[in-house]
Amino acid sequence: MIPILAPDVPTPSLVVDVDVLRRNIASLHRRLSELGIRVRPHVKTHKSLQVGREQLAAGASGLTVATVGEAEVFATVCDDLFVAYPLWPDAAQLASLSRLSDAGRIAIGTDSVEAVQHLAATLDRRVELMIEVDSGHHRSGSRPDDVGRIAELAVRHGLTVRGVFTFPGHSYAPGGGQVAAQDEADALRAAATSLRAATGQDGVEVSGGSTPSVGSTHSSVVTEARPGVYVFNDAQQWELGTVDPSEVALTAYARVVSRRAGYAVLDAGSKVLGSDRAPYATGFGRLLDHAAARVVQLSEHHAVIALPDGADLSHGEVVRVVPNHVCTAVNLVDQLLPVTDGRQLSPWPVDARGRNR
């Protein structure tokens, strides 16, 4: 059943089922803890200090952010942050990183000799480095065998190299989770070996993880995991088979504003749901309470739903839409509306919304 919202809550709104959220956090953290893997969740999914607090209370060893701006926001609740991005920081970002070092532990990503040379001339020496490797996603990241050369240069310039990391983003494909986890383990094992051989250091952090692959993480290699979407889940995870619909914690509440045979139109368009659609996706989103329905047409303020035979929605009816990509949907709104046991709680601000640099 759809949780009862207060009658004056407008649609469309992004609503968080707090009980599902907490189950998602507890389940994943417990599973990884049993494997001896620390959890450093990626907060770019939710950008919410309240959700970050929930993750830290569940045992997260620190938080992962995508930008220096996100780090500035989450430094108010966490003193161990990792900017998992190959930064080429400008003067303002360098000054911010230095300030963040006053308050706690901070690491940033890098993936090349050229970047290390830039950082060697500019970076506060309290900021640690994590060297990114490409494990098959082919976005950013060095070759695993090049890590030793990059690390040796960094150490020679007085920079601290904490370890290596990767994002197995090719897990976002049907059946890709286990394959990506194996590729991740192979790349990180080679990278960590290269780092140790070049610097002689022990205690190397080996960081990986994505929501579709985290269930297959190789605990013999990976020391920490950085999943993000798992807190809310979304239509992509549902279609990939990573999660069951009962594990979807965030939905867009939307109202039926128009109807025709076999179709309904909702008041939630791309400016609430986001417009991402992966090649494997069967629509622009799904309805949590009508599994066979799909968002087949998306405009800025309209979502057209194709209904299965025999299904019907009434004018004014409120439905729960599962966005394809929850991270982009959250970044479109100022607040999330938490509900528990059918009761609406005080809104949670999307504190790091728009902090994209």
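**Entry 1: His138**

I looked up His138 and found it in the loop between strand E6 (128-132) and helix H6. The model I am reading is predicted. Is His138 buried or exposed? His138 counts as exposed, because its relative accessibility is 64% and the cut-off for exposed is over 50%. I also checked the backbone: phi of His138 is near 60°, a positive value in a residue other than glycine. I noted the general rule beside it: most residues other than glycine have a negative phi.

**Entry 2: Asn233**

I then turned to another positive phi. Asn233 has a phi near 65°, and this residue is not a glycine either. I located Asn233 in the loop between strand E9 and helix H8 (235-240). Its relative accessible area is 2%, so I wrote Asn233 down as buried.

**Entry 3: the bond before Pro12**

I looked at the peptide bond between Thr11 and Pro12, and it is cis, with omega about 0°. Most peptide bonds are trans, as a general rule. Pro12 belongs to the segment before strand E1 (13-17).

**Entry 4: Ala278**

Ala278 sits in the loop between helix H9 (270-273) and strand E12 (285-287). I recorded a relative accessible area of 14% for Ala278, which means that the residue is buried, since the cut-off for buried is under 20%. I also looked up a pair of C-alpha atoms: those of Ala278 and His325 are separated by 9.0 Å, and the two residues are 47 apart along the chain.

**Entry 5: the sheet**

I traced the strand order of the open sheet. Its eight strands run E2-E9-E8-E7-E6-E5-E4-E3, with parallel pairing. Which strands stand at the edges? They are E2 (38-39) and E3 (63-65). Each has a single partner strand, so one side of each is left without a neighbour in the sheet. In general, strands of a sheet pair through backbone hydrogen bonds, either parallel or antiparallel.

**Entry 6: strand E4**

I went through strand E4 (residues 80-86) and found five of its seven residues buried, so E4 is largely enclosed by the rest of the structure. On one pairing, E3 and E4 run parallel and share three bridges. Within that pairing, Val65 has Val83 of E4 as its bridge partner. The chain gets from E3 to E4 by way of helix H3 (residues 68-74), in a right-handed β-α-β crossover.

I then checked the pairing of E4 with strand E5 (residues 105-110), where five bridges join the two parallel strands. Val83 turns up again here, as it stands opposite Ile108 in E5. Helix H4 (residues 91-103) forms a right-handed β-α-β unit with E4 and E5.

**Entry 7: strand E8**

Strand E8 covers residues 205-208. Glu205 and Ser207 point one way, Val206 and Gly208 point the other way, and all of them are buried.

How many bridges pair E8 with strand E7 (residues 161-165)? There are three, in the parallel sense. One detail I noted is that Phe165 has Ser207 of E8 as its bridge partner. E7, helix H7 (residues 176-199) and E8 make up a β-α-β unit, which is right-handed.

E8 also pairs with strand E9 (residues 224-225), again in the parallel sense, over two bridges.

**Entry 8: helices H5 and H6**

I finished with two packed helices. Such a pair is described by the angle between the axes and the distance between the axes. For helix H5 (residues 113-122) and helix H6 (residues 147-156), the angle is about 10° and the axes are 9 Å apart. H5 and H6 are therefore roughly parallel to each other, since angles under 35 degrees count as such.

Which residues of H5 and H6 make the contact? H5 supplies Val113, Val116 and Gln117, while H6 supplies Arg149, Ile150, Leu153 and Ala154. I sorted the residues of this contact by type, and five are nonpolar, one is polar and one is charged.

Key: Residues are numbered from 1 along each chain as its sequence is written. This is a predicted model: local features need pLDDT of at least 70, side-chain atom pairs count only at pLDDT 80 or more; totals for chains, interfaces and linings use all residues. Side-chain values use heavy atoms; hydrogens and water are left out. Buried means under 20% relative accessible area, exposed over 50%, partly exposed in between (1.4 Å probe, protein chains only). Helices (H or I, at least four residues) and strands (E, at least two) are DSSP runs, numbered from the N terminus. Two strands pair if DSSP finds at least two bridges between them. A crossover is right-handed if, with the strands pointing away from the viewer, the path from the first strand over the helix to the second runs clockwise. Axes are lines fitted to C-alpha atoms, for helices over the stretch in contact, and angles run from 0 to 180 degrees between N-to-C directions. Angles under 35 degrees count as roughly parallel, over 145 as roughly antiparallel, 65 to 115 as roughly perpendicular and the rest as oblique. Contact means heavy atoms within 4.5 Å. Ala, Val, Leu, Ile, Met, Phe, Trp, Tyr, Cys and Pro count as nonpolar, Asp, Glu, Lys and Arg as charged, and the others, Gly among them, as polar.
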